[in-house]
Amino acid sequence: MALGLLNRFPERFNSVVLGGWDFKSGLPDTPEGKLSFDVFMSYARCVAPELTTSLSTDDEKSVRYFFDELRKYLGKEESFFPYSIPTLLWAGASDPYYASMAELAELHALPLLTGKEDHLSELKNLDKRSMNAILKFIQSPETFISSVT
């Protein structure tokens, strides 16, 4: 979602936090090809109902749109960081795409905030360390980045 907004309205951003998916490989592969929105939502309803039960029909349409936007960035690393906007990458140490996020962070000299488990676990069981670091970055990205590098 953030990449889509960033690519359309970069002048509206002071900073951006990106995470939650594999920037290098895109959506996960399934036996039927890349993960579809319908399969994703079915899975999300099972494993994280507290994050999906409040979604209205319009909310789901919006989530579908942004989910489909992810397909546009597969293999287009130059689409990720053509901006001078301070960027923080966030991934959990247990996320299956953690290694690719770490590689991307190193390649583009971006700070990487590493959570304890995976990003969904941190959202479900609020990890105060990660949330405080994200808030600090949003409030003062230049100070945050210089303290990490």
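**Surface, helix packing and salt bridges in the predicted model**

The protein chain exposes about 8,900 Å², of which carbon and sulfur atoms supply 56%. The model is predicted. Of the 149 residues of the chain, 34% count as buried. Among contacts between residues at least 6 apart in sequence, 61% join residues at least 24 apart.

The secondary structure comprises 8 helices and 5 strands. Along the sequence these elements follow the pattern α-β-β-β-α-α-α-β-α-β-α-α-α.

The packing of helices α2 and α4 was examined in detail. Two packed helices are described by the angle between their axes and the distance between the axes. For α2 and α4, the axes come within 10 Å and cross at roughly 120°. The two helices are therefore oblique to each other, since angles of 65 to 115 degrees count as roughly perpendicular and those over 145 as roughly antiparallel. The crossing of α2 and α4 is right-handed. On the α2 side, the contact is made by Phe37, Asp38, Phe40, Met41 and Arg45; on the α4 side, Glu60, Val63, Arg64 and Phe67 take part.

The structure holds 2 salt bridges. In one of these, aspartate 38 pairs with arginine 64, with the closest N and O atoms 2.8 Å apart. Aspartate 38 lies in helix α2 (residues 37–47) and arginine 64 in helix α4 (residues 57–69), so this pair ties together parts that are 26 residues apart in sequence. Aspartate 38 counts as partly exposed because its relative accessibility is 47%, which falls between the limits of 20% for buried and 50% for exposed. Arginine 64, at 35% relative accessibility, likewise counts as partly exposed.

A salt bridge is also formed between the side chains of glutamate 60 and arginine 45, with an N to O distance of 2.3 Å. This pair links distant parts of the chain, with glutamate 60 in helix α4 and arginine 45 in helix α2, 15 residues apart. Glutamate 60 has a relative accessibility of 22% and so counts as partly exposed. Arginine 45 counts as partly exposed as well, at 39%.

Leucine 55 is located in the loop between α3 (49–52) and α4. With residues up to four places away in sequence not counted, leucine 55 touches Met41 and Glu60.

Notes. Residues numbered from 1 in each chain as written. Predicted model: local features only at pLDDT ≥ 70, side-chain atom pairs only at ≥ 80, totals over all residues. Heavy atoms only, no water. Helix = DSSP H or I, 4+ residues; strand = E, 2+ residues; numbered from the N terminus. Buried < 20%, exposed > 50% of the residue type's maximum accessible area, 1.4 Å probe, protein only. Contact = heavy atoms within 4.5 Å. Areas by Shrake-Rupley, 256 points an atom, 1.4 Å probe, with all protein chains shown as cover. Salt bridge = Lys/Arg side-chain N within 4 Å of Asp/Glu carboxyl O. Axes fitted to C-alpha atoms, helices over the stretch in contact; angles between N-to-C directions. Parallel < 35°, antiparallel > 145°, perpendicular 65-115°, else oblique. Left-handed = near helix turned anticlockwise from the far one by under 90°.
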